[in-house]
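Please look at the sequence and the structure shown below, and keep both in view while reading this report.

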Amino acid sequence: MKLTVWTYEGPPHVGAMRVATGMRGLHYVLHAPQGDTYADLLFTMIERRDHRPPVTYTTFQARDLGSDTAHLFKDACRDAYERFKPEAIIVGASCTAELIQDDPGGLAETMGLPIPVIPLELPSYQRKENFGADETFFQIARHLVRPQEKTAGITANLIGPTGLGYRHRDDIEEVTALLHDLGIGVNAVAPMGASPSDIARLTAAHFNVLMYPETGEAAARWLERAHGMAYTKTVPIGVGATHDFIAEVRGLTGATGVADTSRLRLPWYSKSVDSTYLTGKRVFLFGDATHVKAAARIARDEMGFEVAGLGCYNREFARDIRALARDFGTEALITDDYLEVEHAIEAAQPEMILGTQMERHVGKRLGIPCAVISAPVHVQDYPARYSPQMGWEGANVIFDTWVHPLVMGLEEHLLHMFREDFEFHDEAGPSHHGGHAPRAAAEAGGPPLDGQNIPEETAADVPVVQTDGSVAWMPDAEKELKKIPFFVRGKARRNTESFAAERGVREISVETLYEAKAHYAR
């Protein structure tokens with residue numbers, strides 16, 4: 001554990017809260033100090049849920065530590081049962097409460113409550129949020145699942161969606177529609193939307209669809225091992241992966257239904273002449289392993305991008321991501337330090353970033369467009385509208401999300417490039433009014449100036465731009481540099497400064513800029 005401004009994952013008890021918040025009829029009693037109740041805001045303010053998480057906190061304070069805090073937990077547990085009447089309770093400790101070693105599981109077991117009480121052992125100082133969600137759902141399944149007679153028709157369980165998940169709500173609807181096209185029903189979605197009694201009948205399904213390995217793989221593996229339920233290995237994000245997912249489901253079930261691709265628009269654009277603008281664009285990918293793996297395939301095979309670098313923050317999937325990076329001819333970045341990610345992006349000089357909310361901020365600082373592909377995300381990435389990542393509509397959403405930053409970035413660059421033009425500069429009047437008179441002159445009552453006679457910016461108006469002390473940019477060269485698109489301008493500046501330094505040039509002129517361009521183009 002370390003102090004940081006930003007973090008990709010919270011502590012494991014936040015993962016447990018994600019599971020509890022997604023479910024119905026389940027309550028979480030969390031042994032935690034007063035300050036740890038901040039997590040409620042993640043669901044009500046960021047995800048914009050219309051109800052608070054089903055969590056009761058013991059909220060002990062500093063003065064309580066001098067006495068026995070166990071009775072606080074027991075009272076909270078008893079009050080939660082009396083007030084909410086849940087079908088089951090999960091109990092655990094926050095990272096702070098873990099230090100006082102009260103053993104919430106053991107305490108709850110001695111209380112004799114008439115419902116299942118499921119203890120959680122989540123090592124707060126070794127593991128993080130996604131592990132907490134995965135382990136919590138596994139323990140719930142292990143305690144509640146019972147053998148069931150299979151449904152008459154072929155059905156599946158959708159495994160892994162949770163509260164606060166990135167587009168989980170809409171992905172459920174999209175995957176359900178895919179299965180429906182194949183003639184397959186959904187027995188249960190878990191943990192999102194499930195009750196403890198729904199968990200008990202998971203084994204009535206014929207197989208499981210593992211939607212998010214980060215939060216459902218432990219339960220899927222256990223259901224396969226203990227109850228013989230196969231689960232899918234392909235996550236249907238992207239056109240190719242969705243086709244592979246359908247083929248995998250057919251192989252597991254023998255289903256013969258035909259998938260409806262009439263809503264799919266991404267392949268048409270990829271074949272169109274407009275898409276040539278995207279071909280070869282260098283992108284850097286970072287996020288959770290599932291979304292990075294899917295995004296890498298989409299970027300290279302479906303959008304024509306070049307993957308300049310990739311990585312993930314959840315170390316449990318480091319081996320998979322390193323293998324993926326080797327396939328793409330790059331080295332994987334496995335870290336939960338956003339500053340390391342920023343340095344890697346700066347060194348790679350991509351034309352676009354596909355990442356999390358943190359990489360969005362990095363992109364703003366570096367002047368590189370960014371599209372969000374993975375949690376953690378902010379409120380704007382929990383849209384009220386339907387906006388999945390999986391299936392056919394998910395492919396359309398991804399296409400829009402990725403292309404718009406590049407297209408709008410080009411528009412901004414063109415506006416900036418022509419801002420000094422006699423017709424488009426800031427003081428020019430509307431071109432269709434004929435005079436092109438600067439507004440400032442008109443408002444001052446002076447004669448309108450002809451747009452052709454607007455004085456050029458003189459060298460005295462633009463200072464010499466110092467860099468690191470070894471070279472300086474002359475005004476004309478700095479002005480010329482601004483004509484280079486923003487997403488490669490940083491690289492052009494560094495290349496030119498390196499070119500000048502190697503040749504002992506202390507002042508970069510327009511000639512130096514173009515000499516450097518010619519040198520690096522060879």
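## The sheet

An open sheet of 4 strands has the order 2-1-3-4, with parallel pairing; strands (E, at least two residues) and helices (H or I, at least four) are DSSP runs numbered from the N terminus, and two strands pair if DSSP finds at least two bridges between them. Strand 2 (55-57) and strand 4 (117-119) are the edge strands, each pairing on one side only. On average, neighbouring strands are turned by 25° against each other, direction ignored, where axes are lines fitted to C-alpha atoms, for helices over the stretch in contact, and angles run from 0 to 180 degrees between N-to-C directions.

This is a predicted model, in which local features need pLDDT of at least 70 and side-chain atom pairs count only at pLDDT 80 or more, while totals for chains, interfaces and linings use all residues. Residues are numbered from 1 along each chain as its sequence is written, and side-chain values use heavy atoms, with hydrogens and water left out.

## Strand pairing and helices

Strand 3 (residues 88-93) pairs with strand 4 in the parallel sense over 3 bridges, and V117 in strand 4 is the bridge partner of I89. Helix 3 (residues 70-84) packs on the sheet, touching strand 1 (26-31), strand 2 and strand 3, where contact means heavy atoms within 4.5 Å; the direction of helix 3 makes about 160° with that of strand 1. Helix 5 (residues 129-144) lies across strand 1, strand 3 and strand 4, and runs at about 140° to strand 4.
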